[in-house]
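Morning, everyone. I have one structure to walk through today. Please have a look at it first.

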Amino acid sequence: MKVRILLADDHEIVRRGLCALLQKHEGWEICGEASDGREAVEMAKQLKPDVVIVDIGMPYLNGLDTTRQLLQHDPNFKVIVLTITDSDQVIREALDAGARGFVLKSDAARDLVAAVEALQSKRMFFTPRVNDLVLAGFLEKGHAISRNAPPDLPTLTAREREVTQLLAEGKSSKEVAVLLNLSTKTVETHRSNIMRKLSLHSIRDLVVYAIKNNIIQIQMPQLRGTQETTVA
Amino acid sequence: MAVRILLVDDHPIVRQGLRTLLEGRSGWEVVGEASDGIEALDKIETLHPDIVVLDVTMPRMNGLEACRLIQKRQMGAGLEVLFVTQHDSPQMMREALDAGARGYVVKSNAARDLLEAVEAVSQHRVFTALAQIPHAAC
């Protein structure tokens with residue numbers, strides 16, 4: 001029986017590359033392509049793929065929250081997270097979200113086939129950097145992982161995280177309401193709750209929070225003679 | 001004669017995606033790939049492409065620096081540089097054009113804009129397209 005794979009990445013050029021890579025493998029087929037997290041969740045519910053490959057930095061719903069929503073809907077979903085960064089915090093969040101695979105985009109051509117094979121064999125696959133982190137945490141009885149953990153923050157609900165991402169992406173409450181099929185008043189209530197829980201006072205504060213907590217990812221423009229920085 | 005294209009991006013998966021898109025077009029040939037600016041300069045010397053499709057953010061030597069060196073060293077008669085980058089900003093686009101590029105396409109829209117951009121650049125016309133701003137070829 002064919003292994004059915006759903007791809008979710010906002011860059012069509014990346015999806016084309018992933019398709020070309022995965023379709024070379026006999027017995028695998030791309031059953032769907034999504035360009036954002038919300039679309040991925042909807043498509044996964046309908047198509048019931050064997051493996052879902054999600055990019056972390058997607059609009060509307062990022063890859064981590066996509067993973068959470070997928071597994072909340074069906075804990076049997078097998079999700080591989082694709083990322084441009086392997087920071088401790090992103091790794092930790094991917095593991096917490098329930099991803100069974102974690103592959104760096106730069107290594108996707110090398111690792112992604114192995115990752116899908118691993119998940120099909122009911123194993124997990126993580127880039128070597130994750131193995132190092134997990135091992136370090138084990139050897140130091142959890143200190144290595146917790147040492148770099150962010151300070152405890154009030155927990156946002158899944159819906160509040162969705163609203164946070166959309167507001168941080170610059171959408172108005174009305175636009176968020178349309179996207180999430182809610183009333184503007186409900187979105188305003190979520191917005192107030194988010195600001196109160198996080199002790200934030202402006203949308204600017206919210207954007208900073210979203211960046212720091214991997215809810216959105218941005219690229220800093222590279223200036224002449226300076227090193228480019230990825231903010232995750 | 002086929003338009004010879006060199007693909008330069010540090011992510012093999014992106015190069016594969018670009019290749020898939022470009023190879024469907026008759027009269028165009030992807031003659032090679034490079035994963036950073038230094039490798040790109042080497043391959044320009046050996047492969048003699050007509051167009052270099054260049055990423056901005058790469059290890060060792062970024063695309064802007066490579067583009068400036070291509071101009072400074074006057075590499076390849078009629079060689080054109082087309083940036084394909086995730087930087088969707090007028091500032092970065094200006095910097096790319098100042099470095100000597102003939103074209104600028106945002107990666108999120110590459111599937112939509114790349115073919116038109118290569119077509120324009122192969123005829124030595126400027127092509128720029130930010131994600132939110134209509135493209136211009138002149």
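Confidence first, since this is a predicted model. Chain A has an average pLDDT of 84, and 84% of its residues score at least 70. Two stretches of chain A fall below 50. One is residues 142-149, which has 10 contacts in the model beyond near neighbours in sequence. The other is residues 221-232, with pLDDT below 50 and 25 such contacts. Keep those two in mind.

In chain B, α1 covers residues 12-23, and R19(B) lies in it. Leaving out neighbours within four places in sequence, R19(B) contacts L7(B) and V30(B). V30(B) is 11 residues away along the chain, yet the two C-alpha atoms are 6.9 Å apart.

Over to chain A, and helix α3, residues 63-73. This helix is mostly covered, with 8 of its 11 residues buried. The buried ones are G63(A), L64(A), D65(A), T66(A), T67(A), R68(A), Q69(A) and L70(A). What covers them? The cover includes three strands of chain A, β1 (3-8), β3 (51-55) and β4 (79-83). It also includes the helices α2 (37-47), α4 (88-97) and α8 (158-168) of chain A.

Last stop, the core. Nonpolar side chains tend to be buried together in soluble globular proteins. Here, the largest nonpolar core has 97 residues. Which members touch the most others? V52(A), V53(B) and L82(B) do. The element that gives the most to this core is α5(B), with 6 residues. From chain A, domain 1 (3-146) and domain 2 (158-219) each put in at least three residues.

Take L82(B) as an example. Setting aside residues up to four places away in sequence, L82(B) touches I51(B), V53(B), L54(B), A101(B), R102(B), G103(B), V105(B), A117(B), V118(B) and V121(B).

That's the tour. Questions, please.

Note on methods
Residues are numbered from 1 along each chain as its sequence is written. Chains are lettered from A and ligands numbered from 1 in the order in which they are written. This is a predicted model: local features need pLDDT of at least 70, side-chain atom pairs count only at pLDDT 80 or more; totals for chains, interfaces and linings use all residues. pLDDT is the predictor's confidence in each residue, from 0 to 100. Two residues are in contact if their C-beta atoms, placed from the backbone, lie within 7 Å. Helices (H or I, at least four residues) and strands (E, at least two) are DSSP runs, numbered from the N terminus. A residue is buried if 20 or more other C-beta atoms lie within 10 Å of its own, exposed if 12 or fewer, and partly exposed in between; C-beta atoms are placed from the backbone. A nonpolar core is a set of buried Ala, Val, Leu, Ile, Met, Phe, Trp, Tyr and Cys residues joined through C-beta atoms within 7 Å. Domain bounds come from an automatic or database domain assignment.
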